[in-house]
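Work through the following exercises with the structure in view, and try each task before you read its solution.

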Amino acid sequence: MKPYYYSPNHSQRAALAALSLLLFPTFFPSLFGPLGRASPSIFSEWNAPKPRHLHLLEAALSTQSSVEQQIKVWAPLGNQGWKHCPEEPKSASSKPKGSNGYIQVFLDGGLNQQKMGICDAVAVAKILNATLVLPHLEVNPVWQDSSSFEEIFDVDHFLDVLRNEVSIVKELPSEFSWSSREYYATGIRPTRIKTAPVHAPAEWYLENVLPTMQSYGIAAISPFSHRLSFDNMPESIQRLRCKVNFQALAFVPHIRELGEALVNRLRNPPIRNQNTDSQEGTDDLDKQGAGKFVVLHLRFDKDMAAHSACDFGGGKAEKLALAKYRQVIWQGRVLKSQFTDEELRIHGRCPLTPEEIGLLLAALGFNNSTQLYLASHKVYGGEARISTLRRLFPLMEDKKSLTSAEERAKVEGKASLSAAVDYYVSMQSDIFISASPGNMHNALVCHRAYMNLKTIRPSMTLLSKLFLNKSMQWSEFQQAVLDGHKNRQGQIRLRKEKQSIYTYPAPDCMCQA
């Protein structure tokens, strides 16, 4: 008997082909995924964006900054008339005897939001004369990082700096061991305070938290982020928040060591071979930036790009992908803006692209010999998106380019630890600039202002208008950038009512010289 061979007819072959096409993304999802850290996928969001400001880019690449520009751009900030306040005598700042009970807080958000929460938690413990349990850091829903307080911050240093201010314990005593994150997640508990209003005054805690603590010996506040007012606080409480922020919250040794290794390699890069004929003309320029470096916090991840609803030049594929991402992640809570892309840009609501931040840096006077460190979790569009920035600044580095896998092992895949390393490097840099506002931007603007370090704050509205003018020549663009950023380079700005003490350190954290 002859063997039977199945031979599908034309309609069956068509059906099988259609089914294969439908199932292909299931078996090979990476081919259809969004633009990743390094490269775009083959079938989705694959339109690599081209330079959107080509005439400015070409001019920037062909223009050499002058020695005078280099001197000015690298010049440190002068004395601004503000200094760190003297330490209070220990007798004046000593913690009161006894305690009204234990207080727990559960902090969400990323590294810098959690830092703010820790500062507020210490302040609330002081207000209530309570014993603070080391704050619990929630798993970050965006970066999926489960790093604990002890894995990020030097606990012994934290306790030592605050030992005369507030009573703090690493963990609850055995009789309160039931008071855990899991306990509060499984039912309504009388010891949980979940009604704390945003920016609550000190009186609210005395009226609503203290009675619970006195009745049960413990109170757990969740949610807690942004739950303490910046206004109408006693000077001692404000100073305590500053002390926690600038002195008590030091990173664990391995983060500091990795950060220090990065700083040393940025300040002492390998000697580059240069043509001797061209070297003579660049020696004076290179001397100005020798041993110095700029940190660029390039906040251009997919969350930000999608949330803004702006057009970033990736074509229809990118627009569709970002619209789908908005729907999946925020389930209709963040819709496509009713404003046009031009209207969004005029109002400064579009984050700067890597190309645009590169043109800003070039206009300010930085050149292709500038040592640039890229502090970023991931860039939407990967290398394709940052290629223009790399053309302008070929000496751009990041953690991966400067360290080995072994050196990064303890922070790899942990967004909060990685951000802590970038924070450390940013505080050691000669100049810091962030592409867009956010918690990292605000935290470093604050900390660097406290230390009187140069920090460039891009004027989003000015830059948006300049980039919309497609006929503007490089010289005109550069002059407008220089004029618009004279007073945006780390000058002290006094905090106004309702503004954050974690963005504006004066006058609460500083004293006039």
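**Exercise 1: a salt bridge and its network**

Lys-243 is buried, with a relative accessible area of 13%, where buried means under 20% relative accessible area, exposed over 50%, and partly exposed in between (1.4 Å probe, protein chains only). This is a predicted model, in which local features need pLDDT of at least 70 and side-chain atom pairs count only at pLDDT 80 or more, while totals for chains, interfaces and linings use all residues. Residues are numbered from 1 along each chain as its sequence is written, and side-chain values use heavy atoms, with hydrogens and water left out.

Task: find which residue forms a salt bridge with Lys-243, a salt bridge being a side-chain nitrogen of Lys or Arg within 4 Å of a carboxyl oxygen of Asp or Glu.

Solution. The partner is Glu-87, and the closest N and O atoms of the two are 3.7 Å apart. The pair links distant parts of the chain, since Glu-87 sits in the loop between strand E1 (82-84) and helix H5 (90-93), whereas Lys-243 belongs to helix H12 (residues 235-248), 156 residues apart. Helices (H or I, at least four residues) and strands (E, at least two) are DSSP runs, numbered from the N terminus. Glu-87 is exposed, with a relative accessible area of 53%.

Next, take Glu-165, which meets Lys-126 in a salt bridge (3.7 Å, N to O). Glu-165 counts as buried at 10% relative accessibility, and Lys-126 as partly exposed at 23%. Finally, salt bridges that share partners join Glu-87, Lys-126, Glu-165 and Lys-243 into one network.

**Exercise 2: the open sheet**

Task: state in which order the five strands form an open sheet, and explain why one side of each edge strand is left without a neighbour.

Solution. The order is E10-E9-E8-E11-E12, with parallel pairing; two strands pair if DSSP finds at least two bridges between them. Strands E10 (396-397) and E12 (454-456) stand at the edges and have a single partner strand each, so one side of each lacks a neighbour in the sheet. As one example of pairing, E8 (residues 294-297) and E11 (residues 431-434) are joined by four bridges, and His-297 has Ser-434 as its bridge partner in E11.

**Exercise 3: the length of a helix**

Solution. Among the buried residues of H13 are Ile-255, Leu-258 and Leu-266.
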